[in-house]
Each structure stands twice: as structure tokens, then as C-alpha cells.
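Please read these notes with the model open beside you. Take the points in order and find each item as you go.

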Amino acid sequence: MTHSIQVKDLSLSFGSVSVLKNMNIDVAEGEFIVLLGPSGCGKSTLLNCLAGLLDITDGEIWIKGKNVTWAEPSERGIGMVFQSYALYPQMTVRGNLSFGLKNARMPKDEIDKRIARAAEILQIGPLLDRKPAALSGGQRQRVAIGRALVRDVDVFLFDEPLSNLDAKLRSELRVEIKRLHSRLNNTMVYVTHDQIEALTLADRIAVMRGGIIQQLAAPQEIYNRPSNLFVAGFIGSPSMNFLHGATVEAGRAFQFGATRIDLAGYEGGAVLDRPKAILGLRPEHLIIQDKPEPGLTIPAVVEIDEPMGADSLVWLEAEGGLKMSVRVPVERRLAAGSKVHLKVDIAKASIFDTASEQRV
Amino acid sequence: MTHSIQVKDLSLSFGSVSVLKNMNIDVAEGEFIVLLGPSGCGKSTLLNCLAGLLDITDGEIWIKGKNVTWAEPSERGIGMVFQSYALYPQMTVRGNLSFGLKNARMPKDEIDKRIARAAEILQIGPLLDRKPAALSGGQRQRVAIGRALVRDVDVFLFDEPLSNLDAKLRSELRVEIKRLHSRLNNTMVYVTHDQIEALTLADRIAVMRGGIIQQLAAPQEIYNRPSNLFVAGFIGSPSMNFLHGATVEAGRAFQFGATRIDLAGYEGGAVLDRPKAILGLRPEHLIIQDKPEPGLTIPAVVEIDEPMGADSLVWLEAEGGLKMSVRVPVERRLAAGSKVHLKVDIAKASIFDTASEQRV
Amino acid sequence: TDLEVTHWWTSGGEAAAVAELAKAFDASGDHWVDGAIAGGGDTARPVMIARISGGDPMGATQFNHGQQALELVQAGLMLDLTDVAEAQKWRDVINPISLLDGCTIDGKVYCAPMNIHSPEWLWINNKIYEDLGIPVPQNWTEFVASAPQVEAAGKIPLALGRQAWQSNLAFNAITVGVGGLDLWKKVNLDKDMDAAAGPEMLKVFQAAAEARKLAAKSTVQDWNQATNMVINGDAAGQIMGDWAQGEFAVAGKVAGKDYTCLPGLGLNAYLSTGGDAFYFPKLDDPDKEAAQKRLAALLVSPEVQVAFNLKKGSLPIRGDIDMSSANDCMKKGLEILKSGNVVPSGDQAWSPDVQTQLGDMQSEFWSGEMTPEDAQARYVEILKSGL
Amino acid sequence: MADVSMASAQPHSVQPRGAKPRRRFSGSNIMLYGVLFVVSVYYLLPLWVMVMTSLKGMPEIRMGNIFAPPVEITFQPWVKAWSEACTGLNCDGLSRGFWNSVLITVPSVIISIIVASVNGYALVNWRFKGSEVFFTILIFGSFIPYQIMLYPIVILLRELGIYGTLYGLILVHTIFGMPILTLLFRNYFSSLPEELFKAARVDGAGFWRIYFQIMVPMSLPIFVVALILQITGIWNDFLFGVVFTKPEIYPMTVQLNNIVNSVQGVKEYNVNMAATLLTGLVPLVIYFVSGKLFVRGIAAGAVKG
Amino acid sequence: MAGKPVGWRPFRNLNAKIAAVPMVLTTLVVFVGGTLWTVLYSFTNSKLLPRLEFVGFDQYRRLWSTDLWNAAIWNLAFYGVMSLIFTISMGFMLAVLLDQKIRFEDTFRTIMLYPFALSFIVTGLVWQWILNPEMGIQEVVRRMGFESFTFDPLHNPNTVLYGLLIAGLWQGTGFTMCLMLAGLRGIDEDIWKAARVDGIPKWKTYLFVVIPMMRPVFITTLVIVAAGIIKLYDLVVAQTSGGPGNASQVPAMYVYRYMFTAQNLGQGFAASTMMLLSVLIVLIPWAYLEFGGKKHG
Ligand SMILES: Nc1ncnc2c1ncn2[C@@H]1O[C@H](COP(=O)(O)OP(=O)(O)OP(=O)(O)O)[C@@H](O)[C@H]1O
Ligand SMILES: Nc1ncnc2c1ncn2[C@@H]1O[C@H](COP(=O)(O)OP(=O)(O)OP(=O)(O)O)[C@@H](O)[C@H]1O
Ligand SMILES: [Mg+2]
Ligand SMILES: [Mg+2]
């Protein structure tokens, strides 16, 4: 595996505010990395550092085996797609695509060839002589990608390229980007705060928080084995249900109020006895049933159910007023106030240490 | 059932542009109606007409049995919550809540009582002396609701109250609004273009397009029996799969390229033979299997699969280059290029006439 | 050679007089580039000084001689005209000689005096008095006495332009007229502050306060607008310098018949003489320098003096020329000059700083309600600051 | 209104239906337009006076009131103001000043706008250490009364050897136009999406290329505002025009002052008014023509949270 | 250039630095240099030409004991306060009027804005004529039969400042109105709707909701207007020349007068330094509000 991007000990501060803290990331050739995190966690900042649009405070950035820490953006072999697309409004699509090439004094026929190729890949041939104002959101997005494409770069950087679009278009373009990636096989770094995008697109997801990478792993790994409480809570909608309790019996059971849940079959490290621990259960890993099974179910009362088309979300209240959500098929309607029992699939659960917030 | 809101033959034009066309809606007391539709279809316009913020061109509006067509907004017994919340920025929360009441010369202790009640319902007691700038998005939203609440109105109007928030907060507040509704039991009219909101909140959804109501029905009805092609395509994410073909054999089968699908069990009207018809299949109503079953399956090739946490979306290409999507459990991984067969659940399918676009 | 000449002579009579200068200069093959700046000396001088000290000097420029250009000379920015003065024997022809002394610094001559301003004149419209059927006043006292009747006829007794220097001028005229020459000399030449604070001076202030009442309804700004009020018969009289005569002349009025002029306000036939002079900034160009000297010589020459002063209505700086064509008023002035009843003007006695402060104070006095006592106290204070 | 219809006591009460009836001449409307009319009179009065007076002959001015329209229209005052009025010996009216003003205004406007826009651009997109400090000082500079700077500028120009030349005046206008223009451009450029700038940098465009090819084409409104402000400002300037020039290059305002203040005999109000109008004509025309763009640009550049 | 970053790299973005040279030079040489120069020489007894003969605070002592200066300061203070109050309130009210979805908005706006295109010289002259009792408003009203009508603000020391105000407002309110209008248009439509639903009358909405929301616009306007007031000069020169007496003298005139007419540069510099000080008094709180609190993007 060759490294496409290496970030070594990268730090960045704005004045006294430290925004990125000692980051290390290796991105393999052709990999699709998604940077995911809440607003203000430094995703765009990191991307801008990679692009050379921000001067870093410390560390090194290598792209394709070259140290580009101090290189100009245009010399790094990267292309960038922005949230607002940042198309030059006064130029036609062709002008937008050729602007960078002309700057590099590329011969005219080579420019034409590249534009033709990009137009073909992105199917924007008929739009070449329009101005951005005359394009739809999706078309603009394609032109923005095209601008990176014609420059024949090794690395594509995307900064929330879909977040300005409505839900429908977003899901369509998501698929298109995925297709493009499988076709071009470029390295892509993609910033988003939409977890569906992250989960569907990424080879690996880097979950960030406060300028620090919390977990960098494949989507399913992150979804199923979040390395800490933050990642667990951040990924998944609705959020994972967190039960605050303790692990007892030398780590063989989880005690939550009057309920005790067997931990046999838990996939993780040594659980041990912890006076304060958190059991995390995703809504789709709970099954609603009428009968209790000791050590396997949690009693709860139905509050509201939310049908969402394909499935339905049931909100319940468990012991101690804890709100929990469970995903059920849409056909299953539950009356508010009915008493039920939630069966836990312990193999898909996560246990966190309350103090360190790390998964055990 | 008493009528809370009646809209009779309502039309509205801006100059020569007709935005709302001859609308008729009856809303029952305590009902939660969601207006759903693409941008620019007239949702906000309709809401503003109900609120008295726009003068209608023709028709009548009745609220609580009174003709309020010409009444001032403040006299209609409505409260409104805006997308941007429109809180008065320089007043404290208490000031925001009491401004309208003071203006109506309500006695001081009555004002205090109402604010206390609203604060209790919305749990904003500790925020009463803060200014809006010092509140989080969710808190602002509650204050905006509170402003309607203290006025003790019969009808709440919401104009995309959640669309400025991030996904996480949105889903939390959605549940809160639902709880509020079940507690207050007011009539609510809620504008959104987010179908999840519509599906989860509404007692009935009015799907609008170009100033005309396409379908006004309960969410499951709209989801499962969309009255026309537009509603079918608009609701559901990813979109319903549409197969363009013909109904044959006196309406007993659907012919799509070389594939023929049995229509036995279809829930709808008389299918008849139509040379041009469309079969609509939701992604979760298809099952991927290896073996064909004549009359029941559609052959297809896997293109991409998108794991989305709880489940996975598989994109396939069927006969004639038709892109289709199928929802599968996330554990099921399918290699790109593998040939599969999609089993149709015809009881949950919809057939549309190509010309009229109506469901048959 | 082109020479740019800046000055603030823009009223009708003045402009006609300047035309004479230009004509004479152009006749010698040079070219007079006129750089008139309207709005009076207070507006024009800053521009001139800024240009000279800014390194873009004009060929020649008007100043009131005295201390206005002193520092420019001291800074070596002005051309030394001593050779011209000697060649033309200025010391012999210029009368009164104090005019040339005003141009002389450390024994060198730096300016060419142009004319004599004698500010202390009272100008009276005869027709008003004829209409009223009373004799035309022959001095300030009579003028004041007749004022109530003038007022009763709906006329303004005394026209006064509302600019600081005009108030100052009126006050000085009253000083010489009412207070007398000795008082004037004591205060302004000997700088005797006791005299300035004394009872005689107070009388002057009281007289000025009286004059203030007469001028209360006069609201014009420019001096020539005030003169016009007299010419048109809106006002009975005006205290103004000899240059006012140019306006009467332009309006076609005849001295003695249509209007009366009373030097020294008719009380003391003395004139304080200041005047205009031309200074020549140093230009690093021998051609221009030669032209500057030609102009300097020309300005003092008898022909030009006659032509210029007849048009402007001011008095010439040399006593050896024929002014027979001068009118009544000018002749009065010439006589006083001949008799030697002259004193140098305030421009020569006090620095511009003091002059400005006096002007500010006077304009406040003339338009406000300041008592003569207060005014005198302020007056003394200002003079002291200039000692 | 609704109540009226509810109370069916009224014989021909109709159900409210359709558009709410509006009276065309409601009390508030009469108030509104009344106030606007009065205000307009206040604003238009001086213009009316100027135009009317400039079209009258002197006798009529002496007789009539300044607000009355002329009985007999004469364009003589305009002719005189333009080409005959005298200052000292120069009797070519405003015409000379007009061309001087053009000569002064055109280069001054162009240069000051170029300098200020490049500055604003550098301040927004190419921040360097201390740039904010300089900017703050510059803003302070815009509030310094000109009189304070007058003498130092005289010295500066003298040392540069351009005192009394057109260059000197252009420099002065550029310097004093810089603060407010830079502020305008800075605010405007910072309202443009920063991503565009970043995109251009990724595309390999340098400082000047981004400025000319990306920024300038997108900044028409603010250039219009700057243009209007500078043209009127420089055209109307009196102080610098009189202090830093000489008679050959006196701008029109100085010429106007000379004409108005060179009273020869009676004040010729008609000529003065004509001269005043002529002097104000250029900025007035510019405002009337591009006022709308100006307002829009102000909204984009000046009023920013 | 590889490896660890070095803090200061003078040649990075060289073009940007070159482009900033005019600004840096202007600020350093003209604004900072010129100001320091003026302050320095205010401690000398320079007369016609600047001379470094220091006299300590003499010039300031004399300045503050001069009636004219004190009068000028008071005149300016009075004019300034009135002008601020009226420019801003009138500007706002006009903007509100224009914001009522009226017909001919463009026309009215142009009418209000055009005086801004005219110089103070022109403004001063025109209003001098209109207010002139012999031919202006007074005369016209008298001719209509009100013989005893008196309206002669410019020649009465007690009213002359109002005369200036009439002209100053005429020239400046249009621009203020534009700024205010831009501010009004920037206010969220929904706020208006919310107030209507709350049943708040329009005037109350303006007073209690809109005006507080427009604080930044008011501050910007305040600073622009205040800066203009301190510079007030041309208008006075053209309209009253500081008269009658010294009733409409302003500091800028004092500075000009003493620097050039009185040939007492030291005094003029001292006066201008005091003006600068007053500018700082206006500006520093503003700069603190603008730049101190939040960082500008
Ligand atoms: N120029 C700057 N000066 C100071 N702080 C900055 C600057 N740019 C960004 N920051 C801060 O750095 C942090 C990270 O910002 P960044 O834009 O990278 O967040 P983000 O993760 O992209 O958020 P979002 O999802 O909202 O785009 C934020 O707290 C922001 O306030
Ligand atoms: N004041 C107006 N004048 C003219 N046309 C208007 C006006 N307000 C709205 N429209 C038009 O009316 C149509 C409906 O607008 P409306 O705001 O109701 O849409 P919407 O459904 O709320 O859309 P969105 O989801 O974007 O809020 C749009 O086409 C819009 O352009
Ligand atoms: Mg970001
Ligand atoms: Mg809307």
C-alpha cells in the first residue's frame, strides 16, 4: 500500500486558539477518507491545511511521497470541491474548467482535450457555454468536480459538497460521487457532518472532535465498535441508547437499576467490575416483546411511535425515566402506555467506562 | 368532529402569478396537519394566508367557526413559529414571551402566570432572563413556541421550524413537538419539506405541488397508496423504483421489457390493459435472492452498496439500464457485478397510468 | 516672459486697476498671468503662503506690506530688489518713505510698494440727506447726530460688512477720528499700554458702541456690498478705505455731488497709511528673475502709478507725479499726504497674529452686546500678547 | 371586519370573502404621502430656487421673489457663468475650471479606486502580520480633520517636488480617499465567499490574477459606489483644490468661489446660481443616473453588522 | 523549503505585501507622521513657517483662554449634538417612510439623496440665499401680506446655528436615510410577521424591535456623521463665514485662520491637536465596540 497523503504531527493554531492538535493520518492510494465531526471541530481547517490554503503551525504534510508542507496550493497535485462550489460566476463552465489550466500555461488543444474528457465523465457537455447562474445545484456540483478533474490531480478534497442541497438531490449525488470514485480510483478526502454520507461513501471514517481524531476506521467498525462514548453517540440516528449502571459479577453482568443484563457474548475486551459503566444499545439491536426474559430484557413503557415510511421508531421510557428508542418494522404499531420488554442483542452492544469514556 | 380550520376555495396570486389555486382544506380540532412539498410550491404562502399575513385573492378562511378572512393576524387565535424563530433579539426570553401580552394590556399577574405555565411546559424556566443570542438552537425554538403558547391560541402554525438545525437536534426536537402536541392537543399546521418530519409528526399530510394539493391523507396511506406519480416519487428516500412498461392480460400482469410480473394481489382499482403504465416499487419491498421465480422476480446486476448503519442500500441495474435501489439488512454484503433477482411484493406495489399519472 | 501674479483684487474697481498693470507689463513684451483669488486677503494669503512655502512660488504676489511676509523674507524665499530700488531711486521718490521702510529688512528691499491704503474715510450718500432736507454731515459727530432721522426714513445709518477686518477697520478709523492722532500713535507705535487702557481709549470704544447701533441692520458680508448699499441709497454712510471710491466710480457717481468723502472721519484729517505691495518669490530661473525685476520697476514707475491708482481710487506712492485727473476725494487724500499728516498703518505696527485676534474681537464686539469696558480690557490683553 | 359580518343585524352584510377591501385614500396613506410631499418640498426648494433664479434677468431678481418662476426666461446668466464671468482679469467663467476639474477628477478617481480596491482585497484575502493594525490606523485617518494634515502635506509634496502640480493633487486625493474606500472595499470583499478565492488559489492563480479575473468582475456594485463617492468628493473638493494648485489648474469649485465672491458692483445672483448649478451638474447627473446602484452598493458595502 | 516551519517568511505572498505598500506608506507617513509632526510643532512658537522653538504648553494655555476658541468649541458641540440627533432621527424616519412599500420610492429617494451630491460650498451658498431676509423666505412671506414676519436666522447670533443646521441637514440626511434604509431592508421579514401575529402595532414594532436590532447601522451612521461634524468647515465658510460676530465659528475655521491668516502656526497646530483629541474621543469607544469585541472575518 503506497501512501497518498501523510500528515505528521500536524498542529494549527489561530493566535492562541489551538484548532488542530498533533494530528497523524496516513491515507492510502485510492482510498476514500471521510472526515466526520460536529460543527467547529476542525474538519474544514484540516482540509485547508492539506490544500495549502492555511499555513500550519507545526508538523509536515506529504502528498505522493513529496513534502509539500510549504508548497503552493496549485503545486500540491490536489483538487478541491467546495460546499458552495465556488464557481467563478462571471465565467462560463468552460471558463471555470480552463481557468486553472490557463494559469499553468497549458497549450490550448491539451486544455480542450481535458475539458472534453471531464465533460464526458461528468456528462456536462451541453452545459459548457452556460454560466453557473444558469445551472441547477447538481450541475454546479458536477462542474465543481470537473474543475478538479481537468487538473488531473492525484487527490480530491471535498468540503461538504452536498450540504447545500435538498435531501433528494443529496442522495442522488452521493451515489454519483461514489461511482466517480470507483471509476477514477483517486484518493479522496471528504468532509461532512452528515453521517449517512460518511457511512455510505467512506473506505475509512475519521471521526473528529475538538481538533483531535477520535477514531479512524472502516464505517462498520465505527458503527459497531465505536472506540469511545463520543463516537458512539455521534454516529447513528437516532442516537444509541445509553444505560448508566455498573458491571458486576466480575464483568459478567451489567446492573442497571433493578435490571441485570447478562454480558455473555459481549465482543470486546475484559469487562471487569466497574462501579460506573455505560451500556450502549442501538435502536435496531433491541427487539420489543411482551414477555420478560431474565438477564436479557429491559422493561419499558411505550411513549410515542414515529412511523418513518420504511420503518418506525418507538420511543419508550425505561426505569428511572430513561428515554429509549427502538426501531421496528413500520407495520408494528404500539399503543402509547403499553408495557413491553426490550430484548438486548448483547453481541452488538458496547460497554464504556464512565470515567475514561472508552469502550471496554 | 368539529372543524378547527376551514379553507374554502382559497386562491392567491401575486400580480399575475397564481401561487395558490382554489384550495379546500378542513382541519379537525386537535389535528396535526403537515404541509409537505418541494420548494416554491406555496406552503409558506398558504400558512401566511391562514395567519392573515397575506391578503388572499379569493375564497374564505374559517377558524373555530368564525370567518376570519379579513381579520387581523392577532385576532385569529393563531400562534406562529418561524423557521428563523424571529425572536426579538434585544429582549430577554421573558420579554419575548410577554411582549404581545403587554401590548394587549393583560394584567401583570396574568402575564406572569402564563409565562410560568409556558416555561414549565417547555422547560425554559432557567432561561427566562437570557437573551436569544445566549440560547442554543433548540432553546430558541422552544422560546418561539412559547410565544405562541402564552397567547393561549387554538391553532399553532409552524413554518419549517426545524430546518435551520443540525440533524441530531432536529430529530430530538421533532419528538418534543410531538409530545407537546399530545399534551396540548391543539390544532397544528406544520410546513416542512422534510418527509421524515412529515411522516413522523402528521395525523394527515397534505402533499402540495405548484399551489395545488395533490393528496391529503394519513402518512401510511400516502406512503403506501400514493395517489399519483408525483406523491409516490416525492415521498420515500431513496425514491420509489419506477418501472415503465404496460399492463397486459386484462390487467393481470405487468410487462417490463422481457420481464412479466404477476399482478395477483395488487391492492387498488381495476388495472385493465394499459399500453403505458408504471409499476412503482419501494426499495424495502423488494427482496434480493439468487434464484428467479417467474412472474415474481426482476433480474438485476448489483452496482454499488451503501451501508448506512442500521441497513444498507443496494443499487442495481435492471433491464434497459434502469437503476433500482433495494434496502437490505446491513449484514448482507453484495459484490458489485453479481447477478441477482429482485422479488416483488405486489401487495405493496403501486401502478400508475402513464398519461394521467394517477394511481390505478 | 510669463509671470504669474497673485492678488486679491477682484472687485470692480480693483479689477479695472489690475488691468492697467497687466496692460503695462504686457506692453514691455512680457506676459502677465493673472492669478486673482477672490474672497479678500484672508482667503488669498494662506494660498499664497502655502504655495511659496510649498515650493511652487508664483512670479509675484500681493501682500499688505508690513509683517505679513516677514518670515518668508527671513527664510530667504523672497527676491532681493535692492538693485532695482537703487537704480530707480525709490528712496527719493516714494512718499511717505515709511512705505519703503516697510519693505526694507536688514537694509535690503524686498517689495515694491504699490499704493497707499488710507482706511479712515467716511463715505456718505448725499441724496439721502437731500431727501431728508438736512445738510450733509461733515464729520462723524454730525453723522451720528443725524442718524435718528435717517433711521426714521427707513434707511440704515451705517453700512458695515460683516467680516472681521472691516470691523477692525471701522474701529481704527474711529480711533483716529475720535481719539485723535496722538492717542493712536501712543497705542500703536509707542505701544503704550496705559494709554490703551486709559479713559481716552474708552471714549473711542463708547463711540464704537454707538456706531455699532447704527450698523445693527446691516447684514451684508463683503465690503463692496456695503458700499453698494450707500451707492443705492439703502444706507447713509460707510466707514471704508479709499478703495471704496473705485466702486462709486464704477457706479458712475461723482464725488462731491452724489457722495461725500470725509478722510479721518472729518474730525482729524490724518490718514494712517498702509498699503499693498508686491513681493517677488525667488525663482531659480534667471529669465524669470529679470522679468520680476522689470515688473518691480514698472510697478513703481510714474505712468503705472497714475493709471493704477486712478482706477483703484487709492493714493499713489510717489509724490512726484501728476494726479490732476484725480477726483475730489482723491485730491483730499493727496493733500493730506502732502501735508504729512500720516502714520503707518496697523499692518505695519502689529503682527498678523495680533491683527487676527483684534479682528476676531472686534467682529464679536460689533455684532454682539459686549460692553465698551469689556471690549477695552480684551483689546489691551490682545495688544499685550503682541509686545 | 369579521365582527361586522357576524352581526347579521346589518341588512346587506356579506361574508368576508376574497381580498380584504382597502380604501385607496385611507387616513394613513394621506398622512404618508403628505409627509413625503412636504419633505420633498424641503429637499427640492433649493434646486428650484437655483434653477429659477438662474433663468431670470437681474431686474426681475430685484423685483420679484426668489421662489417665483421667471417671467421672461433668459439663458444669459448661464452663458455668462460658463464663459464670461470674471475673476480678476480672467473673464472666461467656469469653462476653464471645468476642464481642470475633469483633468483632476479622472485620474484621481481612477488611481484612488485602484489603490483602495487592491488594498481592500489584500486586507481581506492576503492578511499579513500587522495588516489589521494598519487598517485601523487608516480608519482613524478618515476621521482626522483635513486642516490638521494640511501643513504636513505641503511639506510632503514639497519634498517630493510635486507641489502645485496635477500629480500632487492626485496624490492628495488618493491619500484622503483611501480610508473610506478601503473600508468599503474591505467590507465588500469580505462579503464575497472566501471559497472562491481558495478555489482560485488551488487553480494556481496568483495575487494579481485573482484580483483582476475573479474579484473585479464580481464587484460592480461596490465599484459604482466608490466611483460615485470619489467623483463627487473630488469634484466638490475646495480646500485641496485651492491650497495645492495654482490658477492654471484651479478646479471648478475654486473658480465658482472666485466668481461668487468677486462681486463687481451688484451681486449677480442669476449668474452665481447658474455657476453653482453648472458646478454641481456633474455630480448631480451622476447621482440621478446611478442612484439606484449607489443605494444597492451602500447596502452591500457600508452597512455591515 | 522543506521541514519544520519557520515563523517569519518575508517573501511569502510577496505580491500582497507590495500591494499593501501604498496603504502602509499612507498610514505611516501621512497619518501617523503628519499627526505626530503637527503635535510636535504645537509645542513650538512657529509663526509663518514651522520652527522648532519649544514653548511648552503655552499655545494650549493661550488656546483655552481665547474666547473665540471656546466659542468655536461650544458652537461645534451645540451644532454637533443637534445635527446628530436630527440627522439620525430624520434619516431614520425618512427611511421608515420609504419602507412603507410606497409608490415612486425611487423618485423620493433620489429627491432626498441628490443634495448629497452637492458640495458644502454650494449648499452653503444656496441656503444663504434662501435664508437671506432681503430676498429669501422672509421676503416672500412678507409679500404675501405678513408684513411683520421675521425669519432671519443667519444674522442673529442666537439662531445662526439653526440656520447652519437647516443646510447641513438638507445636505446630509439623504445619505443617512440610505444607510438606514439598507439597515431596515436587512431585517428579517419574519420579525415583522411575528410582531403582527403578536398584535404589536407598527410604530411599536419600529420602536421596540426594529430600532434595537439596527444598532450596528446606527453606530456606523453615528460615526460617519460625527466625523463629518468635526470636520465642519466649508459649509460655515460659504454660509456665514463664522458670523455674525463669532456666533458660528467652528474649530476647523479657527485652525485655518490661525495657521494661515494670523500666521501663527503653533496656535493652529495646538488647535488642530485638540480637534484630533476630540476625534479620538469619538472613535476609541467605537473602535472598541467594532474591533474589540468580535473578530472581523
Ligand atoms: N480564521 C480563523 N480564526 C480563528 N479561528 C478560526 C478561524 N477559522 C476557523 N476557526 C475556528 O477553528 C475551529 C474549526 O473550524 P472549522 O471551520 O475547521 O470547523 P468545521 O469542522 O469545518 O465546522 P463546520 O462543520 O461548521 O464547517 C472553529 O472553532 C472555528 O471557530
Ligand atoms: N411576495 C411575492 N411576490 C411574488 N411571488 C412570490 C412572493 N412570495 C412568494 N412568491 C412565489 O410564490 C411561490 C410559493 O412561495 P412559498 O414561499 O410559499 O414557497 P414554499 O413552498 O414555502 O417554498 P420553500 O420550501 O422554499 O419555503 C414561489 O414560487 C415564490 O416565488
Ligand atoms: Mg467546515
Ligand atoms: Mg417556505
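1. The shell around ligand 2 draws its largest share, three residues, from helix α1 (residues 43-51) of chain B. Helices here are DSSP runs of H or I with at least four residues, strands are E runs of at least two, and both are numbered from the N terminus. The model is predicted: local features need pLDDT of at least 70, side-chain atom pairs count only at pLDDT 80 or more, and totals for chains, interfaces and linings use all residues. Residues are numbered from 1 along each chain as its sequence is written, chains are lettered from A and ligands numbered from 1 in the order in which they are written, and side-chain values use heavy atoms, with hydrogens and water left out.

2. Which residues are around ligand 2? They are B:F14, B:V19, B:P38, B:S39, B:G40, B:C41, B:G42, B:K43, B:S44, B:T45, B:E160 and B:H193. To be near, a residue needs one of its heavy atoms within 4 Å of the molecule or strand. By class, this shell has four nonpolar, six polar and two charged residues. Ala, Val, Leu, Ile, Met, Phe, Trp, Tyr, Cys and Pro count as nonpolar; Asp, Glu, Lys and Arg count as charged; the others, Gly among them, count as polar.

3. The side chain of B:K43 has an N or O atom 2.9 Å from an oxygen atom of ligand 2. For B:G42, a backbone N or O atom lies 3.0 Å from an oxygen atom of the ligand. B:E160 has a polar side-chain atom 3.2 Å from an oxygen atom of ligand 2. On its own, ligand 2 has 630 Å² of accessible area, and the protein covers 55% of that. Accessible areas use the Shrake-Rupley method with a 1.4 Å probe; for residues, only the protein chains shown count as cover.

4. Turn to ligand 1. Its surroundings are A:F14, A:V19, A:P38, A:S39, A:G40, A:C41, A:G42, A:K43, A:S44, A:T45, A:E160 and A:H193. Helix α1 (residues 43-51) of chain A gives the most to this shell, with three residues. The shell divides into four nonpolar, six polar and two charged residues.

5. How far is an oxygen atom of ligand 1 from an N or O atom in the side chain of A:T45? The distance is 2.4 Å. For the side chain of A:S39, the corresponding distance is 2.5 Å. A:C41 takes part through a backbone N or O atom, 3.2 Å from an oxygen atom of ligand 1. The protein covers 56% of the 630 Å² of accessible area that ligand 1 has on its own.

6. UniProt, in an unreviewed entry, lists "domain: ABC transporter" at residues 5-235 of chain A. UniProt positions follow the numbering used here, feature names are shortened, and annotations may be inferred rather than shown by experiment. This span is 37% helix and 27% strand, and its end C-alpha atoms lie 25 Å apart.

7. Which chains share the most contacts? Of the eight pairs of chains in contact, chains D and E do. Contact means heavy atoms within 4.5 Å. Chain E brings 96 residues and chain D brings 84 residues. About 8,100 Å² is buried between them, and carbon and sulfur atoms give 79% of it. In chain E, E:M23, E:F31 and E:W129 lose the most area to chain D, together 9% of what that side buries. Buried area is the accessible area (1.4 Å probe) that two parts lose on being put together, summed over both.

8. Chains D and B also meet. Eleven residues come from chain D and 15 residues from chain B. They bury about 1,300 Å² between them, 52% of it on carbon and sulfur atoms. In chain D, the residues losing the most area to chain B are D:P16, D:R17 and D:K20, together 44% of what that side buries.

9. Chain C does not touch chain A, and their nearest C-alpha atoms are 46 Å apart. Chain C does not touch chain B either; there the nearest C-alpha atoms are 50 Å apart.

Note on methods. A polar contact is a pair of N or O atoms within 3.5 Å; within protein, one must be able to donate a hydrogen and the other to accept it, and residues adjacent in sequence count only if both atoms are side-chain atoms.
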